[in-house]
Amino acid sequence: MAQMNLLQAINHALVTAMTTDERVMVLGEDVGHFGGVFRATSELQAKFGQARCFNTPITEQGIVGFATGLAAQGQVPVAEIQFADYIFPAFDQIVNETSKFRYRSGGQFNCGNLTIRTPYGGGIAGGHYHSQSPEAFFTHIPGMKIVIPSNPYYAKGLLLAAIRDSDPVLFMEPKRIYRAAVGEVPEDDYTLPLGRAHIVKEGKDISLVAWGAQVSVIQKAASMAQAEGISCTVIDLCSLLPWDIEAVCDSVQRTGRLLINHEAPVTSGFASEIAATVQSECFLYLEAPIQRVCGLDTPFPLIHEKEYMPDEHKTLAAIKYAVNF
Amino acid sequence: MAITERNHLQHIKSIHNVDVIKNGFVDIPMLQLLDAQGNLLSQELELWDKKTALRIFESMHYIRILDERMVSAQRQGRLSFYLACTGEEASVIASTAALADVDMVMTQYREQGVLAYRGYRTEQFMNQLLSNALDPNKGRQMPIHYGDKALNFMTVSSPLGTQIPQAAGYAYGQKMAGELAITMCYFGEGAASEGDFHAGLNMAAVLHCPVIFFCRNNGYAISTPAHEQFAGDGIASRGIGYGVNTIRVDGNDPLAVYLATQKAREIALTDHCPVLIEAMTYRLAAHSTSDDPSSYRAKSEEQDWELKDPILRMQRHLEQQGWFDQASTEQYCATQKSDILNALKKAEIQPKTNISEIVTDVYQEIPAHLARQRDELIAHIQRHPEHYRSTNMSDKE
């Protein structure tokens, strides 16, 4: 085991993947010699050569289209989109090509070896073009898998699983905690299952669900609630597509209450999907309305970032509302 | 209406041997009118007037000073972010000088020189950079994302290249409205890799839009050098591919930039068509305050380009014309330095935008669901003011 931050864990996963499978290639803007603007791909070019870790021109549609073709040929591309805010020129490739490659050919062709990595989320004074959480758009695309780690241990294990998975995966990295999240990470090769949630803490009064950087926010809220005598289950969803319906519903059936927290705007955010499923599966167990503590339905505001964020105080207020309902 | 017969092969000659056009390299020269010593390289020019030349010179100095001060203010933690245009002042400012004030300008994000030339005031720069309540964009965007309707300067957007097809559309609108105005669209050679560049140039050409596409080819897109960005002959060769009038200029030569842009504007306005200008320059600055170029380029390379400093070249030209006054330049620079620092101090103590603005301008009218979200947010903050000490809740609006 070694102490690593989330970026180092991702770098470690990439080194492991490239060492164990020579088909693994890393591409994207500034990922080569420079090692990426956040340094997630640091030293990869020096270790594995320019043919396997290379800069691309600034064209997100090109990066994803190229990587889709590369995957279809049988290589294992890990494409980086520098910020999730800039992924949208590639939306057509992802929605119409990457995700439908297998389906439209009746399984003759696939690009399942593809992984797209992209940093997302607020809290870095990045304004609306360096802060967005666009995960919900991508959860509406049959054929894609969406994975979001919340700490270094999960980052390495889930990224290795994503790279080796036989379907295309969008791997979204919470950049706010790239350096702040530090933990023990095995230096060995390991994977964690996609589609499985992680129960961080068991409680009896309410289930709290989040992913990425917001997991630490609901953990903080859970500690604050604990001090007021409220016991929370904390669930790190880890995968959004497919998501672990069983783990969440099982928890809600025991606590009778659910709160979902995400940074993205509340309307059509992924909390809506979870809430709809849980009310359907757990209708008679619910003792309070499902709480959504989310971003406002506005672009991500630079100067009002603090107020916009679904922080631990808003979460605690919603926990108390649900418990006292 | 009768359909006329077309022949899309009409302009094509036939050949009878297998002759591949290799490397796709067209030899596009670069317009240069001043050498590094400021000597005129052509005697057949209609030169600029003294007033214009001095205004360009002062704006170049202003931007150099602003950039230096703001980079150091960022290092002191007074700004969250900054992005300098050091080395590219001639490309941006001399091109703007060749426009009319009615021309719309759409930039990427490294073109603060446009604003300086058009008269944006120091306190306006500071209010945006400090994201305070006096920023017309209401503190919503990161530093350097300026926008000013009065100066026909479209608000900056971070995504690369998105302004390029927008500029084509805006210019088409200007033509349809019968305005004697064009659109000037700036971007870098890295942004020209985006799909939007190709879409924008092609549409502007096909739809005869009076727009100038001004590419600052400064050699780097963050860490990525131009040769990893494209394999052809720069950006100019693409203009030819799209059927767009094209000129390549020495971007560190203010006179070449000025006269090329003046000509481009005349063509765009008179012939209703786009013109592509590729200005060959160098990003002496880091990409931004989040970047450190020492890890990807040689110091000696930067030093070579420092010798081609456009401000120095402009000064030598002014000296040769007998237009340079050392004392007044020094005084101008000293005054600007102190004005900038004073304005920074003032902007720092301005309140931030009122919290009620969090839901405005998303739509023209605030819809009910956003009004409710605002009210719930304000009620939450009022219940827990200790957690939101920096929030501006004042009633006066």
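Predicted model: local features only at pLDDT ≥ 70, side-chain atom pairs only at ≥ 80, totals over all residues.
Me: Which element gives the largest share of the side of domain 1 of chain A that touches domain 2 of chain A?
Reply: In this contact, 25 residues of domain 1 of chain A meet 23 residues of domain 2 of chain A. On the domain 1 side, two or more residues each come from α6 (135–138), β6 (145–147), α7 (152–164) and β7 (169–174) of chain A. The largest share, 3 residues, is that of β6(A).

Me: Which are the edge strands of the open sheet of chain A?
Reply: The sheet has 7 strands with mixed pairing, in the order β3-β2-β4-β5-β7-β6-β12 (chain A). From one strand to the next, the twist averages 20°. The strands that pair on one side only are β3 (53–55) and β12 (239–241) of chain A.

Me: What angle does the direction of helix α3 of chain A make with that of β4(A)?
Reply: Strand β4 (residues 76–80) of chain A runs parallel to strand β5 (residues 115–120) of chain A, joined by 3 bridges. Within this pair, A:E80 stands opposite A:R117 of β5(A). Helix α3 (residues 60–73) of chain A packs on the sheet and touches β2 (24–28), β4 and β5 of chain A. Its direction and that of β4(A) make an angle of about 170°.

Me: What distance separates the centres of domain 1 of chain B and domain 2 of chain B?
Reply: Chain B is divided into domain 1, residues 50–348, and domain 2, residues 355–387. Over C-alpha atoms, the separation of their centres is 37 Å.

Me: Which element gives the largest share of the side of chain B that touches chain A?
Reply: The contact between the chains takes 31 residues from chain A and 41 residues from chain B. On the chain B side, α7 (226–229) and α13 (368–383) of chain B are the elements that give two or more residues. By class, this side has 16 nonpolar, 21 polar and 4 charged residues. The largest share, 6 residues, comes from α13(B).

How values were computed
Residues numbered from 1 in each chain as written. Chains lettered and ligands numbered in written order. Contact = placed C-beta atoms within 7 Å. Helix = DSSP H or I, 4+ residues; strand = E, 2+ residues; numbered from the N terminus. Nonpolar A, V, L, I, M, F, W, Y, C, P; charged D, E, K, R; others polar. Pairing = 2+ DSSP bridges. Axes fitted to C-alpha atoms, helices over the stretch in contact; angles between N-to-C directions. Domains from an automatic or database assignment.
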